[in-house]
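Here is a colleague's note for a reader who is meeting this structure for the first time. Please keep the model open alongside the text and look up each residue as it comes up.

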Amino acid sequence: MLDVLSTWSQVSTNRAITYRWFANLFALELREEQLVLYQGDKAEPLLSILSSIGLDDEVERFRQAVHSWTGVKHMRLELAADFAQMFLLDAKTACIPYASAYLDRGELYGSATQLMRNIMRDNQLEIPAEFKEPADHLAVILSVMATWIEKEQASAQDREQWSETVKFQHNFVQEMLMSFLPEFARRSQLIQVSNDFYPAVCALLLAYVEADLGYLRICLEDDSVLVD
C-alpha cells in the first residue's frame, strides 16, 4: 500500500488552506473586493485542487454561481441578504451554523458548545474578540481544524506522532463536523435565496469534509491504526 506519510505534508498544506477558506466563507458576508477576486478567477487554484479529489460537480456548481453574478447590480447586497436568510435567522427558517442546533434538540449553547469550549481551552485556542459567536459555530470549528493542521505542519513528526495526529484529526472531523454537517447541508438546499452561491458552498463543504474524512481513514488504514 502506498505510504501516505510521504505525501502527507503537501496534502495537508492544501487541507489547511481549504478549511481556512471555508471558515472565512461562513464567518462573514463577502466584501466587495472578494467579489472582484472571485469574478477574476482567483479561486481557481483552490477549485482545481477540489476537482482533483473528485468534487467536480460541486466545484462546477460553485463556478456557475459566481459566473451568474455578471451584470447584476448590487450583487454584494444580494449576497449579504442571502447570507442572513440562510445563517442568521431562526432555526425554523434558516440552516443556522451552530452544531448545538442539530445535536442538542435545537437548543443553542448546549453540550456541543461546551465540548468545543473544552477543546479550545485544552489546546490554548481562543475565538477572536471581534467574532461574537459561540464556540460551536461552523466557522470556529473549521478554523480550529485549519489551525491544528497548520501547527502540525510546522513541527517535525516521526511516524508514531503522525499516527496520533491522524487519529486526532479523524476523530475531530467525525465528532464535531460529520455529526451535524449532513443535516446542515440538507437544510441549506431548501432555503429560497436570490443566488445559488451559499447553497453551492454548503454542498461543496459537505462533499469536501466527506472526502477529507475518507482520506484520513486511508491514512489510518495505511498505518494499521484505524479507529472504531
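This is a predicted model: local features need pLDDT of at least 70, side-chain atom pairs count only at pLDDT 80 or more; totals for chains, interfaces and linings use all residues.

1. I would begin with α3 (residues 44–52) and α4 (residues 56–67), whose axes come within 8 Å and cross at roughly 155°. Because angles over 145 degrees count as roughly antiparallel, α3 is placed in that class relative to α4. The crossing of these helices is left-handed.

2. The contact of this pair is made on the α3 side by Glu 44, Leu 47, Ser 48, Leu 50 and Ser 51, and on the α4 side by Asp 56, Val 59, Phe 62 and Arg 63. Sorted by class, the contact of α3 with α4 has 4 nonpolar, 2 polar and 3 charged residues.

3. The next pair to look at is α5 with α11, where the axes come within 9 Å and cross at roughly 55°, an angle that makes α5 oblique to α11. From α5 the contact takes Leu 79, Asp 82, Phe 83, Met 86 and Phe 87, while from α11 it takes Phe 197, Tyr 198, Pro 199 and Cys 202. In the contact of α5 with α11 there are 8 nonpolar residues, no polar ones and 1 charged residue.

4. Turning to the rings, how many aromatic pairs does the structure hold? There are 22 of them, and one is formed by Trp 21 and Phe 22, a tilted pair with 4.9 Å from centre to centre and 55° between the planes. Both Trp 21 and Phe 22 are buried.

5. Another aromatic pair, that of Phe 87 and Tyr 198, is edge-to-face, with 5.6 Å from centre to centre and 90° between the planes. This pair links distant parts of the chain, for Phe 87 lies in α5 (residues 75–87) and Tyr 198 in α11 (residues 197–222), 111 residues apart. Is Phe 87 buried or exposed? Phe 87 is buried, with a relative accessible area of 2%, and Tyr 198 is buried as well, with a relative accessible area of 1%.

6. Lastly, I would draw attention to His 74, which has a positive phi of about 55° although it is not a glycine. His 74 is found in the loop between α4 and α5, and its relative accessible area of 59% makes it exposed.

7. A positive phi, of about 60°, is also found at Tyr 109, which is not a glycine. Where does Tyr 109 sit? Its place is in the loop between α6 (100–103) and α7, and at 56% relative accessibility Tyr 109 counts as exposed.

Key
Residues are numbered from 1 along each chain as its sequence is written. Side-chain values use heavy atoms; hydrogens and water are left out. Rings of Phe, Tyr and Trp (its six-membered ring) pair if their centres lie within 6.5 Å; planes under 30 degrees apart count as stacked, over 60 as edge-to-face and the rest as tilted. Buried means under 20% relative accessible area, exposed over 50%, partly exposed in between (1.4 Å probe, protein chains only). Helices (H or I, at least four residues) and strands (E, at least two) are DSSP runs, numbered from the N terminus. Axes are lines fitted to C-alpha atoms, for helices over the stretch in contact, and angles run from 0 to 180 degrees between N-to-C directions. Angles under 35 degrees count as roughly parallel, over 145 as roughly antiparallel, 65 to 115 as roughly perpendicular and the rest as oblique. Contact means heavy atoms within 4.5 Å. Ala, Val, Leu, Ile, Met, Phe, Trp, Tyr, Cys and Pro count as nonpolar, Asp, Glu, Lys and Arg as charged, and the others, Gly among them, as polar. A crossing is left-handed if the near helix is turned anticlockwise from the far one by less than a right angle, and right-handed if clockwise.
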